[in-house]
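Hi,

Here's the structure I said I'd pass on to you.

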Amino acid sequence: MSDKHAIGDTKLTEDQSKADPENHVGPDRQAECQGQEGGQEAPQQPTRLYKRRWMIVLLFSSYSLCNSFQWIQYGIINNIFTKFYSVDTFAIDWMSMIYMLTYIPFIFPVAWLLEKKGLRVVALVATALNCTGTWIKVASVRPHLFAVTVLGQFCCSLAQVFILGMPSQIASVWFGTEEVSTACSIGVFGNQLGIAIGFLVPPVLVPNVDDMDELAHHISIMFYITAGVATLLFILVVFVFQERPKLPPTQAQATARSILPEQYSYTASIARLLRNRPFILLIITYGLNVGCFYAVGTLLNRMIIIHYPGEEVTAGRIGLTIVVAGMVGSLICGVWLDRTKTYKFFMTGYLPLGFEFAVELTYPESEGTSSGLLNCSAQVFGIIFTICQGKIIDRFGTLAGNIFLCVFLLIGTIMTGLIKSDLRRQKANLSAKTTAEGQRSGQDYGTTSLMSTPQSPASQA
């Protein structure tokens, strides 16, 4: 990416850019240390925004879409897969819940890997696992190969662990202060769009027919399309996805870069996060909200087919409507947050709001760690709500199951109002901006004083 394709908060000369080939600002970092030793305030580090940042976030959003599509592709046609593989509905429910279950034990090692190896390694592993899972599913289209399709779905669920916590990390590493929330919303948007397509497309591609050979053909078409898209995205990540920009986009990110790896303790970071009361409240409210969504998405086919047999396509359209409403809320929240920084907003669009609020409450802790804990809470509540609501529906009906979820959504809403808005990242950026303005004012004053002081006879001579 050439310098002429970038815009920045601080202009750099060509020589300064060449002096920094490894993403760290060598001369400026030395000057900072010298200033600190001399009792002077450290100067601001140079920052810059690159156009490539939009390509990075859109590519991430695309492979997140491909992965999230597969989360619901079994559940939304639960009755069809039940018939094809000769298993019960609870077994097909687990094809969605496996995404939640896999996340819980693997998020902590993956968050550690993200912190130690960076975005590119995590993106490569995510797309490789997702691609592998899709091709395993292609080989599982036989009524006696349910175990094989479970293996394929497990690979895709493992890929999800490398995906869910990345939107806030990508936004912080690549985007400026006034656009991080919008960037995070775009990253989450891909996940939500994938779920929306997962609701809409499988009922269309896989009609409820009685002939097993014809049904296998339709399932194969769906699996082959998914595998082709996943393969293309893996290739794009290999050749396009970049670890981070040459120069940091914000002073907060510049400060984060200055922390040496040996100075960072992952376990200590988690311990600090778990002592952060506002963050703990956010973990609970986020888990309640998103967990309810996971339960509804997983059980939607069952809720509709009970009352309207044969309406698989209609169930998919209802799911699409739910997700599209959330997508609109996500984008509105992203723009709203960038403009106002008011994080206690409303329940729609809670995914990007929760990620960005977590980063604000926990700065300067790793974005991947805070996002991982949020998602872990969502998976735990998702499993609990899905199993409980499924049992309630079977015994008492759909209405009782929905009332069950509404109670917990109300609890989550009340708890959200109790969260203290301690926006630490915004304070860090504001402090850096104030310092820079003070330095510039001091320099201007010094220059003006020198120009206005009359020269002595000796100096005139």
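Let's start where two helices touch: L113, L114 and K117 of α5 meet L119, V121 and V122 of α6. Contact here means heavy atoms within 4.5 Å. Sorted by class, the residues of this α5 and α6 contact are five nonpolar, no polar and one charged. For the classes, Ala, Val, Leu, Ile, Met, Phe, Trp, Tyr, Cys and Pro count as nonpolar, Asp, Glu, Lys and Arg as charged, and the others, Gly among them, as polar.

Before going on, a word on where this comes from. It's a predicted model, so local features need pLDDT of at least 70 and side-chain atom pairs count only at pLDDT 80 or more, while totals for chains, interfaces and linings use all residues. Residues are numbered from 1 along each chain as its sequence is written, and side-chain values use heavy atoms, with hydrogens and water left out.

The whole protein

You'll find 19 helices and two strands in the protein. Both are DSSP runs numbered from the N terminus: helices are H or I with at least four residues, strands are E with at least two. Of the 461 residues, 52% are buried. Buried means under 20% relative accessible area, exposed means over 50%, and partly exposed is in between (1.4 Å probe, protein chains only). The protein exposes about 20,600 Å², and carbon and sulfur atoms supply 65% of that; the areas come from the Shrake-Rupley method with a 1.4 Å probe, and for residues only the protein chains shown count as cover. Among contacts with a separation of 6 or more, 82% are between residues 24 or more positions apart.

How the helices pack

Two packed helices are described by the angle between their axes and the distance between the axes. The axes are lines fitted to C-alpha atoms, for helices over the stretch in contact, and the angles run from 0 to 180 degrees between N-to-C directions.

Back to α5 and α6 (residues 119–138): their axes come within 7 Å and cross at roughly 135°, so the two are oblique to each other. As for the words, angles under 35 degrees count as roughly parallel, over 145 as roughly antiparallel, 65 to 115 as roughly perpendicular, and the rest as oblique.

Helix α5 also packs against α13, at an angle of about 155° and with the axes 10 Å apart. That makes α5 and α13 roughly antiparallel, and their crossing is right-handed. (A crossing is left-handed if the near helix is turned anticlockwise from the far one by less than a right angle, and right-handed if clockwise.) On the α5 side the contact is made by T89, D93, S96 and M100, and on the α13 side by Y294, T298, L299 and R302. By class that gives three nonpolar, three polar and two charged residues.

Then there's α4 (residues 78–85) with α10 (residues 212–240), whose axes come within 11 Å and cross at roughly 120°. These two are oblique as well, and the crossing of α4 and α10 is left-handed. I80, F81, K83 and F84 of α4 touch M212, L215, A216, I219, M222 and F223 of α10. This contact of α4 with α10 has nine nonpolar residues, no polar ones and one charged.

S86 is in the loop between α4 and α5 (89–117). Its phi is near 55°, a positive value in a residue other than glycine. S86 counts as exposed because its relative accessibility is 65%.

Leaving aside neighbours within four places in sequence, E312 is in contact with N79, I80, P203, N208, N301 and I305. The C-alpha atoms of E312 and N78 are separated by 9.0 Å, though the two residues are 234 apart along the chain.

V296 is in helix α13 (residues 277–307) and counts as partly exposed, at 21% relative accessibility. Beyond its neighbours within four places in sequence, V296 is in contact with M303, I322, Q389 and L405.

Finally, A128 sits in helix α6 and counts as partly exposed, at 28% relative accessibility. Its C-alpha atom is 9.3 Å from that of L233, 105 residues away along the chain.
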